[in-house]
Amino acid sequence: MIGAGNVDAVRDALGLPDRAVKPRTRGLTMAIDHGLPTGLFTDLVNSFGEHIDFFKFGWGTGLVTPQIGEKIRAAREAGVEFYFGGTLFEKFVHQDRLETYFAWCDQWGI
(Lines give C-alpha, C1' and ligand atoms only; values in the text may rest on other atoms or scores of the structure.)
Protein backbone atom coordinates (compact mmCIF):
# COMPACT_ATOMS: atom_id res chain seq x y z
CA MET A 1 0.00 0.00 0.00
CA ILE A 2 1.25 3.48 -0.87
CA GLY A 3 1.39 5.92 2.05
CA ALA A 4 -0.70 9.09 1.77
CA GLY A 5 2.38 11.33 2.01
CA ASN A 6 4.32 9.56 -0.73
CA VAL A 7 3.38 11.66 -3.75
CA ASP A 8 6.26 10.34 -5.85
CA ALA A 9 5.09 6.75 -5.42
CA VAL A 10 1.57 7.73 -6.47
CA ARG A 11 2.89 9.60 -9.51
CA ASP A 12 4.98 6.55 -10.44
CA ALA A 13 1.99 4.22 -9.97
CA LEU A 14 -0.03 6.39 -12.37
CA GLY A 15 2.81 6.58 -14.88
CA LEU A 16 2.83 10.38 -14.83
CA PRO A 17 5.82 12.05 -16.51
CA ASP A 18 8.19 14.18 -14.48
CA ARG A 19 7.35 17.87 -14.58
CA ALA A 20 10.13 20.14 -15.75
CA VAL A 21 11.23 22.86 -13.37
CA LYS A 22 11.02 26.55 -14.22
CA PRO A 23 11.78 28.08 -16.55
CA ARG A 24 9.93 25.55 -18.67
CA THR A 25 9.78 25.50 -22.45
CA ARG A 26 7.20 22.67 -22.61
CA GLY A 27 4.15 21.92 -20.55
CA LEU A 28 3.51 25.56 -19.66
CA THR A 29 0.59 26.28 -17.36
CA MET A 30 -1.46 29.47 -17.50
CA ALA A 31 -4.05 30.44 -14.92
CA ILE A 32 -6.51 33.31 -15.11
CA ASP A 33 -7.31 35.88 -12.48
CA HIS A 34 -10.92 36.83 -13.13
CA GLY A 35 -10.97 39.29 -10.24
CA LEU A 36 -9.91 37.19 -7.26
CA PRO A 37 -9.59 39.02 -3.95
CA THR A 38 -5.94 39.97 -3.43
CA GLY A 39 -5.47 37.69 -0.40
CA LEU A 40 -6.84 34.70 -2.27
CA PHE A 41 -4.65 35.45 -5.28
CA THR A 42 -1.59 35.73 -3.04
CA ASP A 43 -2.43 32.44 -1.31
CA LEU A 44 -2.88 30.79 -4.70
CA VAL A 45 0.49 31.83 -6.10
CA ASN A 46 2.25 31.07 -2.80
CA SER A 47 0.69 27.60 -2.66
CA PHE A 48 0.91 26.59 -6.33
CA GLY A 49 3.37 29.01 -7.96
CA GLU A 50 5.81 26.24 -8.81
CA HIS A 51 3.13 24.74 -11.08
CA ILE A 52 1.97 28.01 -12.69
CA ASP A 53 4.06 29.65 -15.40
CA PHE A 54 1.76 32.56 -16.31
CA PHE A 55 -1.16 34.40 -14.81
CA LYS A 56 -3.47 36.31 -17.10
CA PHE A 57 -5.31 39.23 -15.54
CA GLY A 58 -8.45 38.85 -17.62
CA TRP A 59 -11.35 41.03 -18.73
CA GLY A 60 -9.77 44.33 -17.73
CA THR A 61 -9.17 43.32 -14.10
CA GLY A 62 -5.60 44.60 -14.40
CA LEU A 63 -7.03 48.06 -14.88
CA VAL A 64 -9.78 48.04 -12.24
CA THR A 65 -8.13 46.03 -9.43
CA PRO A 66 -7.05 48.53 -6.76
CA GLN A 67 -4.32 46.18 -5.48
CA ILE A 68 -2.96 45.13 -8.87
CA GLY A 69 0.55 46.09 -7.75
CA GLU A 70 0.28 43.75 -4.77
CA LYS A 71 -0.91 40.91 -7.02
CA ILE A 72 1.94 41.51 -9.46
CA ARG A 73 4.46 41.59 -6.61
CA ALA A 74 3.07 38.28 -5.26
CA ALA A 75 3.27 36.68 -8.71
CA ARG A 76 6.85 37.82 -9.23
CA GLU A 77 7.90 36.61 -5.78
CA ALA A 78 6.43 33.19 -6.61
CA GLY A 79 8.26 33.10 -9.96
CA VAL A 80 5.04 33.46 -11.97
CA GLU A 81 5.01 35.65 -15.07
CA PHE A 82 1.87 37.62 -15.89
CA TYR A 83 0.12 39.52 -18.64
CA PHE A 84 -3.07 41.48 -19.20
CA GLY A 85 -5.90 39.77 -21.07
CA GLY A 86 -7.20 40.26 -24.55
CA THR A 87 -10.46 42.07 -23.81
CA LEU A 88 -8.61 45.08 -22.45
CA PHE A 89 -6.13 44.94 -25.33
CA GLU A 90 -9.02 44.92 -27.80
CA LYS A 91 -10.50 48.02 -26.14
CA PHE A 92 -7.20 49.89 -26.57
CA VAL A 93 -6.99 48.78 -30.22
CA HIS A 94 -10.62 49.72 -30.88
CA GLN A 95 -9.99 53.23 -29.57
CA ASP A 96 -6.71 53.52 -31.51
CA ARG A 97 -4.69 53.82 -28.28
CA LEU A 98 -2.27 50.95 -28.70
CA GLU A 99 0.76 53.05 -27.72
CA THR A 100 -0.98 53.86 -24.42
CA TYR A 101 -1.49 50.13 -23.84
CA PHE A 102 2.18 49.40 -24.52
CA ALA A 103 3.26 52.22 -22.18
CA TRP A 104 0.97 50.85 -19.46
CA CYS A 105 2.41 47.35 -19.92
CA ASP A 106 5.95 48.79 -19.72
CA GLN A 107 4.99 50.48 -16.45
CA TRP A 108 4.30 47.03 -14.98
CA GLY A 109 7.35 45.40 -16.51
CA ILE A 110 5.55 43.27 -19.05
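**Aromatic cluster, nonpolar core and helix packing**

Phe41, Phe55, Phe57, Phe82, Phe84 and Trp104 form one aromatic cluster in this structure, which is a predicted model. A search of the whole structure finds ten aromatic pairs. The largest nonpolar core comprises 19 residues, and those with the most contacts inside it are Phe41, Phe55, Phe57, Ile72, Phe84 and Tyr101. At least two residues of this core are supplied by each of helix H2, strand S2 (54-57), helix H4, strand S3 (81-84), helix H5 (86-94) and helix H6 (98-107), and the largest share, four residues, is drawn from H4. In soluble globular proteins, nonpolar side chains tend to be buried together. When residues up to four places away in sequence are not counted, Ile72 touches Phe57, Phe82, Phe84 and Trp108.

Two helix pairings were examined in turn. Helix H2 (residues 38-48) packs with helix H4 (residues 68-77) at an angle of about 5 degrees, the two axes lying 9 Å apart. Because this angle falls under 35 degrees, H2 is classed as roughly parallel to H4. On the H2 side the contact involves Thr38, Phe41, Thr42 and Val45, which meet Glu70, Lys71, Ala74 and Ala75 in H4. Sorted by class, the contact of H2 with H4 contains four nonpolar, two polar and two charged residues.

For H5 and H6, the axes come within 7 Å and cross at roughly 140 degrees, and these two helices are therefore oblique to each other. Leu88, Phe89, Phe92 and Val93 of H5 make this contact with Leu98, Thr100, Tyr101 and Trp104 of H6. By class, the contact of H5 with H6 has seven nonpolar residues, one polar residue and no charged residues.

Thr38, which is found in helix H2, counts as buried because its relative accessibility is 10%, the limit for a buried residue being under 20%. With neighbours within four places in sequence left aside, Thr38 is in contact with Gln67, Glu70 and Lys71. Lys71 in turn has its place in helix H4, and Lys71 counts as buried because its relative accessibility is 0%. Again leaving aside neighbours within four places in sequence, the contacts of Lys71 are with Asp33, Gly35, Leu36, Pro37, Thr38, Phe41, Phe57 and Thr65.

Leu36, one of the residues in contact with Lys71, is located in the loop between strand S1 (30-33) and H2. Leu36 is likewise described as buried, since its relative accessible area is 17%. Apart from its neighbours within four places in sequence, Leu36 is in contact with Phe41, Leu44 and Lys71. In sequence, Leu36 and Ile68 are 32 residues apart, whereas in space their C-alpha atoms are 11 Å apart.

Helix H1 (residues 7-14) is, by contrast, hardly covered, and the count of buried residues among its eight residues is zero. H1 is followed by Gly15, for which phi is positive, near 70 degrees.

Methods. Residues numbered from 1 in each chain as written. Predicted model: local features only at pLDDT ≥ 70, side-chain atom pairs only at ≥ 80, totals over all residues. Heavy atoms only, no water. Axes fitted to C-alpha atoms, helices over the stretch in contact; angles between N-to-C directions. Parallel < 35°, antiparallel > 145°, perpendicular 65-115°, else oblique. Contact = heavy atoms within 4.5 Å. Nonpolar A, V, L, I, M, F, W, Y, C, P; charged D, E, K, R; others polar. Core = buried A, V, L, I, M, F, W, Y, C linked by side-chain atoms within 4.5 Å. Buried < 20%, exposed > 50% of the residue type's maximum accessible area, 1.4 Å probe, protein only. Phe/Tyr/Trp six-rings, centres within 6.5 Å; stacked < 30°, edge-to-face > 60°.
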